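Me: I am new to this structure and would like to go through it step by step. Could you show it to me?

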Amino acid sequence: MLAPIPDAETFLTTRAAWHTLAERVLAPARYAASGRIGLQPAPGGFGTPPFGAGRSLAVDGTDLVDISGAVTNRHLITTLRVAATVAGVAPDAETGVYTPTTPNDPDSTLTVDPVSAARLGEWFAFGQRMLNEWAQVHSDGAPSEIQLWPEHFDLALDLGPDAARANYGASPGDPGHALPYLYVGPWNPKDDPFWNAGTYARLGYNELASAPDPASRGLEFFARGFAVATGASGSR
């Protein structure tokens, strides 16, 4: 089940703080050691795969977690400067792979509400389960690695035949749509009413949360998107 989001404004503030950490702290730290930026869901939030000498960083609720081998240190999320110092990167560090959209003021307060953070962590965990199952259903469609992209701050993969390949993902929301949503984004969109958000389709959090089985509803949405993208929907 997906729990209701009690306060949209607090949720947005928390999401912005997590996004800043993804773009400005975790991804740059991984990139400096490995040349890669992709992140992944982790207990209570998201984090890096191991990099360097077995180190990893994660955001778990209101904490930034620094794991080095068997040693785990937790730091309360306060400002970008403090988080960057923990990670060993500059607050204005950039990877050159993407253009950050979050502010780099080192003393800006990163406000994280525990309840909103819990909803975000649950959303990424839900998205990971959905995409894992979707990739298994279409294992013959050359599914890409599931990654949480720091610049968009969404969890996604792509799969399907070359002419009808599409991105399938779970976004925690963005400036155009405040609350989380699932999406299907075809690489070569064709006119179809299914694409209800311009060149892609979106299924919102409230509709998912109100469904008897949100996971089944989400997979139905992905399946519909796949059918439309591949021309097998019978809608034309």
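Me: Which residues have the most contacts inside the largest nonpolar core?
Reply: They are Trp18, Phe46, Trp123, Tyr168, Leu182 and Phe222, in a core of 60 residues. A nonpolar core is a set of buried Ala, Val, Leu, Ile, Met, Phe, Trp, Tyr and Cys residues joined through side-chain atoms within 4.5 Å; buried means under 20% relative accessible area, with a 1.4 Å probe and protein chains only.

Me: Where does the largest share of this core come from?
Reply: Helix α3 (residues 114–137) supplies nine residues, the largest share. Helices (H or I, at least four residues) and strands (E, at least two) are DSSP runs, numbered from the N terminus.

Me: What should I know about the model itself?
Reply: This is a predicted model: local features need pLDDT of at least 70, side-chain atom pairs count only at pLDDT 80 or more, and totals for chains, interfaces and linings use all residues. Residues are numbered from 1 along each chain as its sequence is written, and side-chain values use heavy atoms, with hydrogens and water left out.

Me: Changing topic, in what order do the strands of the open sheet run?
Reply: The order of the five strands is β6-β7-β8-β9-β10, with antiparallel pairing; two strands pair if DSSP finds at least two bridges between them. At the edges are β6 (147–149) and β10 (201–204), each pairing on one side only.

Me: And Ser56, is that buried or exposed?
Reply: Ser56 is buried, at a relative accessible area of 13%. Ser56 belongs to strand β3 (residues 55–60).

Conventions:
Buried means under 20% relative accessible area, exposed over 50%, partly exposed in between (1.4 Å probe, protein chains only).
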